[in-house]
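Let's take a look at the inside of a protein model and at the rings packed there. Have the sequence and the 3D view ready.

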Amino acid sequence: EEDVDISDVPNASFLVFLKDFLTDSLYRHESIDLPLLMKYYSEEDDGIVEAELSFEEWDEIYRDLPRLDDYMYNVDYGQSLISSNRKSLLLKGMSNGLFMKFHFGFSDGRWMLIELE
């Protein structure tokens with residue numbers, strides 16, 4: 001694995017954070033804004049429901065996800081890659097309509113996972 005210099009990329013700090021977030025469980029634990037807000041569709045309530053997750057609940061969800069550190073695709077369709085204090089990572093199922101969004105925010109000098117959708 002060859003390290004690539006990304007210091008000139010507008011989103012370099014987020015990309016470095018994301019690599020550590022996906023590969024280091026201790027760093028991931030320290031980078032979650034707890035309780036973690038989760039929004040999801042509920043058939044029972046016929047709408048969007050909000051819940052707060054503990055670290056243990058989040059960890060259980062995370063363990064069931066596909067390995068996010070194996071492959072990453074970024075299809076931006078001509079969008080400008082500007083640096084901002086909020087980033088989202090979308091995990092989509094293949095041909096099943098399922099998805100999960102991870103929302104990250106930057107404050108006090110660090111990136112944190114702030115919401116799941």
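Does phenylalanine 104 count as buried or exposed? Phenylalanine 104 counts as buried, at 1% relative accessibility (buried means under 20% relative accessible area, exposed over 50%, partly exposed in between, with a 1.4 Å probe and protein chains only). Keep in mind that this is a predicted model, where local features need pLDDT of at least 70, side-chain atom pairs count only at pLDDT 80 or more, and totals for chains, interfaces and linings use all residues. Residues are numbered from 1 along each chain as its sequence is written, and side-chain values use heavy atoms, leaving out hydrogens and water.

Now for the rings. A search of the whole structure turns up twelve aromatic pairs (rings of Phe, Tyr and Trp, the last by its six-membered ring, with centres within 6.5 Å; planes under 30 degrees apart are stacked, over 60 edge-to-face, the rest tilted). Here are two of them:

| Pair | Centres apart | Angle of planes | Type |
|---|---|---|---|
| Phe14 and Phe104 | 5.4 Å | 65° | edge-to-face |
| Phe17 and Phe21 | 5.4 Å | 35° | tilted |

The pair of Phe14 in helix H1 and Phe104 in strand E4 links distant parts of the chain, 90 residues apart (helices, H or I with at least four residues, and strands, E with at least two, are DSSP runs numbered from the N terminus). Phe14 is buried too, with a relative accessible area of 8%. Phe17 and Phe21 sit four residues apart in helix H1, so about one helical turn separates them, and both are buried. One aromatic cluster includes Phe14, Phe17, Phe21 and Phe104, along with Trp58 and Trp111.
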